[in-house]
Amino acid sequence: QVQLVESGGGLVRSGESLRLSCTASASIFSVAALGWYRQAPGKERESVAAINTSGTAEVADSVKGRFSISRDNARNTVYLQMNNLKPEDTAVYYCNAVDERDYDLGFDYWGQGTQVTVSS
């Protein structure tokens with residue numbers, strides 16, 4: 001059974017940092033494009049950052065310069081480093097893995113979500 005297990009969320013103060021981790025099943029990791037999304041109360045889920053199997057990464061404009069995404073293929077883990085956190089970053093953060101070989105018909109898995117709360 002494929003799993004995405006997230007960790008690293010918590011309560012921090014404005015300006016502090018957190019690193020989220022998401023470990024995926026080995027069976028999919030090597031062919032998965034990985035991403036982090038977030039959903040704040042009353043808002044739609046939005047993409048925060050993504051990284052493909054080649055290591056090419058992109059981050060949303062709203063977090064550019066503060067957040068970065070990386071993947072450790074040896075540990076089947078993707079990270080979201082979040083620096084200089086702001087109250088507006090408060091949300092549930094979700095890890096996503098999609099089949100880079102076939103975005104339309106391949107796998108598409110989600111983690112259970114981890115809460116990040118930033119106090120002012």
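Before we start, one convention: Lys and Arg count as positive and Asp and Glu as negative, while His and the chain ends are not counted. The place of a charge is taken as NZ of Lys, CZ of Arg, CG of Asp or CD of Glu. With that in hand, the chain has 11 positive and 14 negative charges, and their mean positions are 8 Å apart.

Hello everyone, and a word on what you are looking at. This is a predicted model, where local features need pLDDT of at least 70 and side-chain atom pairs count only at pLDDT 80 or more, while totals for chains, interfaces and linings use all residues. Residues are numbered from 1 along each chain as its sequence is written, and side-chain values use heavy atoms, with hydrogens and water left out.

Let's take the overall fold. In sequence order the pattern reads β-β-β-α-β-β-β-β-β-β-β-β.

How does the radius of gyration agree with a compact globule? For 120 residues such a globule would be near 14 Å, and the chain has 14 Å, so the two agree. That radius is taken over C-alpha atoms, and the globule rule is 2.2 Å times the number of residues to the power 0.38. Along the principal axes, the C-alpha atoms fill a box of roughly 40 × 25 × 25 Å.

Of the 120 residues, 42% are buried, meaning under 20% relative accessible area, with exposed over 50% and partly exposed in between (1.4 Å probe, protein chains only).

Now to some residues. R66 sits in the loop between β6 (57–59) and β7 (67–72), and R66 counts as buried because its relative accessibility is 10%. Setting aside residues up to four places away in sequence, R66 touches Q81, M82, N83, N84, L85, K86 and D89, where contact means heavy atoms within 4.5 Å.

V59 belongs to strand β6 and is partly exposed, at 22% relative accessible area. Beyond its neighbours within four places, the contacts of V59 include V48 and F67. V48 is 11 residues away along the chain, yet the C-alpha atoms of V59 and V48 are separated by 5.8 Å.

Finally, the aromatics. Rings of Phe, Tyr and Trp (its six-membered ring) pair if their centres lie within 6.5 Å; planes under 30 degrees apart are stacked, over 60 edge-to-face, and the rest tilted. There are two such pairs. One of them, F107 with Y109, is stacked, at 5.4 Å centre to centre and 15 degrees between the planes.

Definitions and conventions
Helix = DSSP H or I, 4+ residues; strand = E, 2+ residues; numbered from the N terminus.
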